[in-house]
Amino acid sequence: MLTVWEAIKTRRSIRKFAPDDVPDKMIEQILEAARLAPSGSNRQPWRFMVVKDQESRQALCRICAEQKFIEEAPVVIVCFGDPERYSRKEAQKRRQEFAESGVLETLSGRLADPEVRAAMELAPEPSPEQVRTPVIANTYIAIEHMVLMATALGLGTCWVGAGSREINRYFGVGDELVPVAVVPVGYPAGKYPSERPRVSMAEILVEPQIPAKVEKV
Ligand SMILES: Cc1cc2nc3c(=O)[nH]c(=O)nc-3n(C[C@H](O)[C@H](O)[C@H](O)COP(=O)(O)O)c2cc1C
């Protein structure tokens with residue numbers, strides 16, 4: 001298996017797959033990598049559906065702009081966000097776990113302040129607008145864990161952003177789950193793509209502007 005750094009360097013969006021089956025053990029490992037991802041307040045707002053049958057892969061291909069490689073990959077992992085994980089009930093569970101697992105003692109600053117924590121417990125049920133971004137952002141983290149694990153196992157993947165509720169309808173999944181992405185998984189076919197272009201390091205770095213010190217008179 002590749003190291004994390006090797007997987008980061010090796011990963012490409014793969015858009016051509018061999019028809020060979022992917023061992024179930026590997027799919028389990030990919031899903032386990034997602035399960036272990038970090039999330040804000042440990043809410044883990046992600047759900048995954050493993051799709052293998054050809055008819056369903058064809059449907060996903062159709063729903064996701066007819067991108068052929070979705071149908072060609074032997075396995076497609078459909079990734080949903082679950083806003084329910086931000087409900088007061090779930091928040092209470094996570095807080096309980098924080099206390100029981102000793103995480104609470106490691107928190108710092110205002111997050112460790114008992115008064116602030118008590119106020120958090122009294123917070124009202126969050127609105128769908130409030131949880132929309134955290135649901136998607138945190139699910140993205142788990143998806144990238146999956147993608148890197150698949151690469152480490154010698155498999156190819158391609159992120160496909162997918163927000164259509166048609167996915168829910170086709171698979172009989174309740175509309176409470178938010179479709180986030182579809183990830184085809186399989187052995188890469190053809191020539192392995194070379195590194196894709198990226199903006200330079202200079203273009204992504206932001207220089208801190210240290211506030212000028214006021215001279216004491
Ligand atoms: C959120 C997200 C959505 C994407 N959706 C698609 C897609 O629908 N179809 C596709 O071919 N590639 C898709 N990509 C892949 C990007 O085009 C690709 O990551 C980028 O061009 C860099 O290439 P690389 O992944 O090979 O390094 C998506 C990537 C991300 C992160």
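Start with helix 2 and helix 7, which pass each other in a right-handed crossing (that is, the near helix is turned clockwise from the far one by less than a right angle). Select residues 24-35 for helix 2 and residues 128-152 for helix 7: their axes come within 7 Å and cross at roughly 145 degrees. Those axes are lines fitted to C-alpha atoms over the stretch in contact, with angles running from 0 to 180 degrees between N-to-C directions.

Now show side chains. On helix 2, pick Q29, I30, L31, A33 and A34; on helix 7, pick A142, H145, M146, M149 and A150. These make the contact (heavy atoms within 4.5 Å). Colour them by class and you get 8 nonpolar, 2 polar and no charged, where Ala, Val, Leu, Ile, Met, Phe, Trp, Tyr, Cys and Pro count as nonpolar, Asp, Glu, Lys and Arg as charged, and the others, Gly among them, as polar.

A word on ground rules: this is a predicted model, where local features need pLDDT of at least 70, side-chain atom pairs count only at pLDDT 80 or more, and totals for chains, interfaces and linings use all residues. Numbering runs from 1 along each chain as its sequence is written, and side-chain values use heavy atoms, leaving out hydrogens and water.

Finally, zoom in on R196: a polar atom of its side chain lies 2.6 Å from a ligand oxygen.

Conventions
Polar contact = N/O pair within 3.5 Å; in protein donor to acceptor, adjacent residues only side chain to side chain. Helix = DSSP H or I, 4+ residues; strand = E, 2+ residues; numbered from the N terminus.
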